[in-house]
Amino acid sequence: MLNIFISGLERQSGKTLVAAGLAGTMQSLNYSTRVFKPIQTCAKDLNGFSQSQDLAFVKRIDSNIETTSSYMFKSSYSPLVGAYDAGIKNIDLNKIYNDYYANLQLFECNIIEGSNSISNPIGEKFSEIDIVKTLNIPLVLVVNPKKSNIDNVILGVRYIQNSGVAFQGIIVNDYDEDSENLEEKYYPEMIKEFTGEKIIGTIPHYDNVEGMTPDTLIGNILTYVKIEDL
């Protein structure tokens, strides 16, 4: 039904918000849904175990969503540095592949969330985009006008286009269509014009993401995102 990889150009772009929103929406429509985060950085200790804060947010939106991860690192740096810091010599793409395809057929929707960015170093010779290639699923890019200027988005999209992965389109997060900042106001139009890629949706700014109710997030996904394009 829905199998996509959600990535961004940098941290705090809104990947987790989009992943949780899409997962919660599909689950609310009675589609069995899983969110798989291959690599979690900034993991927290809870009762002696490492916990993914991103997957915990997904669970808060709907506890029926299945959540899984292959690697969890406490480091806030890139996964490659996080692995070194944790004493792991190599992040194994085969492990990520096997974890993704394990029980894949049990879920109608599988949403995979990347780590820090699409070009983030994962191993000594590969980056996050190589995970997308390995899993062989379409990519959705989440961009934030308050984090990435148009120049960086154009460069990032060209990097993805040159990679050969199936590029589904772009979701603009934290968007204010009435912004006095003209670059932000015309952000979606400029991205579409200069990259030729589809804008799947624009998600508005939230003052308190952590305090957001599931109904609010799901309602806004249904309102602002063209789910049929996914």
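This is a predicted model: local features need pLDDT of at least 70, side-chain atom pairs count only at pLDDT 80 or more; totals for chains, interfaces and linings use all residues.

Visitor: OK, helix H5. Which residues are buried there?
Guide: Glu128, Ile129, Ile131, Val132 and Leu135 are the buried residues of H5, which spans 128-135. Buried means under 20% relative accessible area, exposed is over 50%, and partly exposed is in between (1.4 Å probe, protein chains only). Helices (H or I, at least four residues) and strands (E, at least two) are DSSP runs, numbered from the N terminus.

Visitor: Why do the buried residues of H5 line one face?
Guide: Seen down the axis of H5, they fall within an arc of 150°, so they line one face of the helix. The arc is that of the directions from the helix axis to the C-beta atoms.

Visitor: And what covers them?
Guide: The cover includes strands E1 (2-8), E2 (33-40), E6 (109-113) and E7 (139-143), plus helices H4 (93-101) and H6 (150-163). Contact here means heavy atoms within 4.5 Å.

Visitor: What comes just after H5?
Guide: Asn136, with a positive phi of about 60°.

Visitor: New topic. How many salt bridges?
Guide: Five. A salt bridge is a side-chain nitrogen of Lys or Arg within 4 Å of a carboxyl oxygen of Asp or Glu. Side chains of opposite charge can pair when their charged atoms come close.

Visitor: Show me one.
Guide: Lys37 and Asp54 pair at 3.2 Å, N to O. Lys37 sits in strand E2 and Asp54 in helix H2 (residues 53-61), so this pair links distant parts of the chain, 17 residues apart.

Visitor: Are Lys37 and Asp54 buried or exposed?
Guide: Both Lys37 and Asp54 are buried. They also belong to a network of salt bridges with Glu113.

Visitor: What about Lys95 and Asp99?
Guide: Their side chains form a salt bridge at 3.3 Å, N to O. The two are four residues apart in helix H4, so about one helical turn separates them. Lys95 is partly exposed, at 32% relative accessible area. Asp99 is partly exposed too, at 24%.

Visitor: Where do Asp174 and Lys146 sit?
Guide: Asp174 and Lys146 form a salt bridge at 3.7 Å, N to O. Asp174 is in strand E8 (residues 167-175), and Lys146 is in the loop between E7 and H6, 28 residues apart. Asp174 counts as buried at 14% relative accessibility, while Lys146 is partly exposed at 44%.

Note on methods
Residues are numbered from 1 along each chain as its sequence is written. Side-chain values use heavy atoms; hydrogens and water are left out.
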